[in-house]
Amino acid sequence: MSGGHDHAHGHHGAEGNRRRLAVVLALTASVLVVQVVGALLSGSLALLADAAHAGTDAAGLFIALVAATLALRPPTAQRTWGYRRAEVLGATLQAAVLLAVGVLVTVEAVGRLLEPATAEVAATPVLVFGGIGVAANALGIWVLIRGGARDGNVNMRAALLEVMNDALGSVMVLVAAVVIAVTGWQQADAVASLLIAALIVPRTLKLLRETVAVLLESTPPGLDLDDVRRHLLALPHVLEVHDLHASQITSGLPVLTAHVVVEDRCFFDGHAPQVLDQLQACLAEHFPVSVEHSTFQLEMVAHTGHELAAHS
């Protein structure tokens, strides 16, 4: 017996996410082209590195866009949740790419500090083209935040992290260009790169832990299954709760299943549907994480001994 609610899982919100991702991808691709041109004109390795960074972000945003598009596809008999988990897969891939970029930036920056570059950088073109990059990234951040990306699914948050990461890179390039223009200290570029990496890696690790937890079907954060069990056992006619499992299909879509032993008379006096309603209401209303999609197997006392394996 399962929850009797038919939930629309945000089709319109997903369509809006897809449109916003398409806009931000176009902006990031434009930044990539502008920065490559600027690097060739100025001879700035920092600007070229930031262009490569923008290219990585564009690839990540493309992954996010594909995932958001797949998430719009309806469920089928073969894929009963549709492609909702594509969002998590996309976010995991984005986080992995970002982590790799952070590590490579760190290694390269340390190498530059140990062996300072001797090539002169034309600071003015770097300021101009870097400024264009900052403006485009700021617009992309505004588009995503206006669409609720900060509190949205992991795919949208990963996309926001991509754009913020690129914006920070552009800002650091500008700062390094100013320092080089004013003081002539070429190592400012390497210091800026290390600061970018210090901002990238911790946030990326946090996102990666969250997405991997979903893929491993871990219990949703904030949902205490021991507390859930206590609440369910406190309901009238409930004698035992076992095979209690909770996970997430994607961020914001927790699910829970359980075997619930109830008094035998519930199956004969009409109480079973009432017990089911109470179980559903308990999960949807009593916990920090509202679980609206729940499936319960109601059992008579004698049935527990017939199961192949009973879990806690």
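Reading from the N terminus, the elements of the protein come in the order α-α-α-α-α-α-α-β-β-α-α-β. That gives 9 helices and 3 strands, all taken here from a predicted model. Of the 312 residues in the protein, 44% are buried. If we look at contacts between residues at least 6 apart in sequence, 74% of them join residues at least 24 apart.

We can start with the helices. Helix 3 (residues 86-114) and helix 6 (residues 188-215) have axes that come within 8 Å and cross at roughly 155°. Because angles over 145 degrees count as roughly antiparallel, helix 3 is roughly antiparallel to helix 6. As for handedness, the crossing of helix 3 and helix 6 is left-handed. Sorted by class, the residues in the contact of helix 3 with helix 6 come out as 22 nonpolar, 6 polar and 2 charged.

Helix 5 (residues 154-183) is where V178 sits. V178 has a relative accessible area of 40%, so it is partly exposed. V178 and L127 are 51 residues apart along the chain, yet their C-alpha atoms are separated by 7.6 Å.

The 3 strands make an open sheet, ordered 1-2-3, with mixed pairing. Strand 1 (238-248) and strand 3 (293-299) take the edges; each has a single partner strand, so one side of each has no neighbour in the sheet. From one strand to the next, the twist averages 15°. In general terms, the strands of a sheet pair through backbone hydrogen bonds, in either a parallel or an antiparallel sense.

Both senses turn up here. Strand 1 pairs with strand 2 (residues 254-262) in the antiparallel sense, over 8 bridges. Two of the residue pairs can be named: A246 has L256 in strand 2 as its bridge partner, and V238 has V262 in strand 2. On its other pairing, strand 2 joins strand 3 in the parallel sense over 7 bridges. There, the bridge partner of V255 is H293 in strand 3. Strand 2 is also largely enclosed by the rest of the structure, since 8 of its 9 residues are buried.

What does T250 touch, leaving aside residues up to four places away in sequence? The residues touched by T250 are R84, E87, V88 and V214.

Helix 7 (residues 225-233) lies across strand 1, strand 2 and strand 3, and runs at about 145° to strand 1. Helix 9 (residues 272-285) also packs on the sheet and touches strand 1, strand 2 and strand 3. The direction of helix 9 makes about 145° with that of strand 3.

Conventions: Residues are numbered from 1 along each chain as its sequence is written. This is a predicted model: local features need pLDDT of at least 70, side-chain atom pairs count only at pLDDT 80 or more; totals for chains, interfaces and linings use all residues. Side-chain values use heavy atoms; hydrogens and water are left out. Axes are lines fitted to C-alpha atoms, for helices over the stretch in contact, and angles run from 0 to 180 degrees between N-to-C directions. Helices (H or I, at least four residues) and strands (E, at least two) are DSSP runs, numbered from the N terminus. Angles under 35 degrees count as roughly parallel, over 145 as roughly antiparallel, 65 to 115 as roughly perpendicular and the rest as oblique. A crossing is left-handed if the near helix is turned anticlockwise from the far one by less than a right angle, and right-handed if clockwise. Ala, Val, Leu, Ile, Met, Phe, Trp, Tyr, Cys and Pro count as nonpolar, Asp, Glu, Lys and Arg as charged, and the others, Gly among them, as polar. Two strands pair if DSSP finds at least two bridges between them. Contact means heavy atoms within 4.5 Å. Buried means under 20% relative accessible area, exposed over 50%, partly exposed in between (1.4 Å probe, protein chains only).
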